[in-house]
Amino acid sequence: MDVIINMLRNHYQDIAAVFLFVIGMTNLLLQQNLIKKIIGLDIMDSAIYLFLASKGYIAGRTAPIVVDGITDVERYINPIPAGLVLTGIVVSVSVSALMMALTICLYREYHTLNLDEIMMKIRKEED
Amino acid sequence: MSKPNPNYKGSFWEHLAKWLRGEYDPVKGRLETKAVAKKTAGKEEMQSFDQSIQKIGKYDMRMFEEGIDRQVGRYRVVYRILSVVTVVFLISLLLWTVSYMPNFGDPNAPTNNEVSQRYIEKGMEEMGTVNIVTGMILGYRAFDTFGETCVLFVASCCVLFLLRVDREDDPQSAAVEEMNDRHFEPRNDTILQKVANFLVPLILIFGIYVVLNGHLSPGGGFSGGAIMASGAILYLTAYGFKKTHRFLNEKVVDAMKAGALILYSFAITYFLYTGANQLHSIFGPGTPGNILSAGLIVFLNIFVGVEVACTMYTFYTLFRRGGI
Amino acid sequence: MITFSMVLIVFLIICALGVSFSRDLLISIAIYMAFSLIMSINWLILESPDLAITEAAVGAGVTSILFFITLKKIHSIRTTAEEEKKDE
């Protein structure tokens with residue numbers, strides 16, 4: 001029991017990232033609806049960004065914006081994960097926009113959002 | 001020397017060898033979803049097929065109980081069980097890994113090494129930016145950010161390929177798009193227009209502020225561009241395409257999108273043409289804290305902001321009616 | 001502060017589960033919007049204001065608008081197809 005409480009206190013952001021990642025993954029695997037699959041992928045993206053940013057946080061220090069000209073390492077958190085995640089967020093939007101465009105094209109062709117029905121119709125066309 | 005196996009043909013090992021060579025697919029014809037309806041050509045048959053598909057959609061849970069297609073049902077059960085097993089395995093593996101990580105907020109974690117120390121201690125001096133993150137992504141790593149900007153440009157091109165409707169070559173589908181657009185976006189909504197009158201200038205000015213102060217305060221090209229794009233989208237929703245075209249038509253957006261990318265690439269590679277003798281900007285860092293400091297970073301922020309804003313606006317218009 | 005961020009994390013997980021279990025697509029997109037907003041508050045707690053402002057503008061703003069417009073587009077395609085069927 002102590003182990004679990006210790007782990008919860010010391011790693012709660014990481015555990016949240018793990019759970020969000022797994023929820024997104026389950027969405028991606030088990031949902032039939034294409035739009036819900038896209039939302040699941042976005043949740044997975046957010047989980048990874050949360051994990052990265054929580055690695056850069058240092059307790060008791062402030063955001064990496066220089067105040068009063070003090071450039072001391074002891075004062076600011078690690079700026080590298082923030083820089084990585086900042087560009088990643090914008091790129092993930094363009095990825096989901098591309099997937100939504102593909103979804104619209106599929107719907108125009110097969111008139112359904114359900115992946116199984118789309119697969120059945122494709123097989124029907126092949127036969 | 002091993003003897004040749006008399007029962008080799010049709011055995012497990014033969015299949016394995018064939019599978020390794022790529023001649024045999026173990027799941028082919030067994031675990032695939034198959035069409036339900038009979039094989040006859042014509043429109044009638046397609047209709048009955050559609051009906052059966054709708055039935056399957058309605059009684060999705062009861063589908064394999066009724067035994068419409070046993071193999072599909074078996075495949076689905078196996079798939080579900082396997083994915084649950086994968087997820088449980090994944091969650092235990094990840095939690096086990098997390099328990100060995102350094103604690104949250106630990107100053108001695110291996111991620112806080114000399115690289116971040118160097119960025120914090122020398123960033124303001126060398127790049128002239130108060131915001132260390134901006135100094136990092138647009139100063140030290142400007143080439144990296146150029147790649148990200150290119151990703152945005154390529155994504156907008158791909159969506160253009162997929163969703164664009166040509167208004168001159170294909171007037172029929174353009175008319176359909178136009179009709180749908182009118183049907184679902186009511187024009188001349190008084191409340192929306194009054195609110196937009198008040199909000200659009202505020203949003204645009206806040207976006208420009210965030211872009212121009214990227215080196216002094218939180219924000220920068222990426223967030224400011226998205227804010228400006230949402231302002232433009234609000235104006236478009238309230239007033240429609242005719243009024244927006246007076247200042248933001250296809251030519252302007254395309255020119256801004258390509259021009260920002262080209263200017264960015266020149267701004268970060270000009271030293272290659274002057275003898276590759278410096279990595280610092282021509283203007284020098286200036287006085288940190290002034291709006292015109294930090295050398296090229298102000299201009300790079302503006303280019304990135306314009307690129308992001310135009311990409312988001314293009315996405316919106318393409319999704320809405322297949323063209324700006 | 002730890003309590004507040006724990007509450008935020010619980011909200012995040014509830015939102016992620018709500019997206020998976022809601023029947024209506026419109027509702028799940030609205031829940032995803034709430035997810036992005038809670039995430040942007042969480043970035044502030046992690047001392048990254050750059051990320052907070054980007055997530056609020058991009059995640060809660062532009063992505064949700066794109067999702068809504070996709071849904072509208074799909075709806076309009078369905079309506080057009082039904083009208084064509086009626087004409088026949």
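Helices (H or I, at least four residues) and strands (E, at least two) are DSSP runs, numbered from the N terminus. The model shown is predicted: local features need pLDDT of at least 70, side-chain atom pairs count only at pLDDT 80 or more, and totals for chains, interfaces and linings use all residues. Residues are numbered from 1 along each chain as its sequence is written, and chains are lettered from A and ligands numbered from 1 in the order in which they are written.

**View 1. Glu47(C) in the loop between α2 and α3 (49–87) of chain C.** Glu47(C) has a positive phi of about 60° although it is not a glycine. Most residues other than glycine have a negative phi. Because 22 C-beta neighbours lie inside 10 Å, Glu47(C) counts as buried (a residue is buried if 20 or more other C-beta atoms lie within 10 Å of its own, exposed if 12 or fewer, and partly exposed in between, with C-beta atoms placed from the backbone).

**View 2. His111(A) in the loop between α3 and α4 of chain A.** Although not a glycine, His111(A) has a positive phi of about 55°. With 17 other C-beta atoms within 10 Å, His111(A) is partly exposed.

**View 3. Packing of helix α3 (residues 80–110) of chain A with helix α6 (residues 142–163) of chain B.** The two helices pack at an angle of about 10°, with their axes 10 Å apart; axes are lines fitted to C-alpha atoms, for helices over the stretch in contact, and angles run from 0 to 180 degrees between N-to-C directions. α3(A) and α6(B) are therefore roughly parallel to each other (angles under 35 degrees count as roughly parallel, over 145 as roughly antiparallel, 65 to 115 as roughly perpendicular and the rest as oblique). Residues of α3(A) that meet α6(B) include Val90(A), Ala97(A), Leu98(A) and Cys105(A), while those on α6(B) include Glu148(B), Leu152(B), Ala155(B) and Leu162(B). The residues of this contact divide into 15 nonpolar, 3 polar and 1 charged, where Ala, Val, Leu, Ile, Met, Phe, Trp, Tyr, Cys and Pro count as nonpolar, Asp, Glu, Lys and Arg as charged, and the others, Gly among them, as polar.

**View 4. The side of chain A that touches chain B.** In total, 49 residues of chain A are in contact with 50 residues of chain B; two residues are in contact if their C-beta atoms, placed from the backbone, lie within 7 Å. The elements of chain A that give two or more residues to this side are α1 (2–30), α2 (34–56), α3 and α4 (115–126). α3(A) gives the most, with 14 residues. By class, this side of chain A has 30 nonpolar, 12 polar and 7 charged residues.

**View 5. Leu66(C) in the largest nonpolar core.** A nonpolar core is a set of buried Ala, Val, Leu, Ile, Met, Phe, Trp, Tyr and Cys residues joined through C-beta atoms within 7 Å. Among the 111 residues of the largest core, those touching the most other members include Leu20(A), Met312(B) and Leu66(C). Helix α11 (residues 297–321) of chain B gives the most to this core, with 16 residues. Neighbours within four places in sequence aside, Leu66(C) is in contact with Ala97(A), Met100(A), Phe315(B) and Phe319(B).

**View 6. Ile38(C) in helix α2 (residues 25–45) of chain C.** Ile38(C) counts as partly exposed, with 19 C-beta neighbours inside 10 Å. Its C-alpha atom is separated by 7.6 Å from that of Phe11(C), 27 residues apart along the chain. Beyond neighbours within four places in sequence, Ile38(C) is in contact with Leu8(C), Phe11(C), Leu12(C) and Cys15(C).
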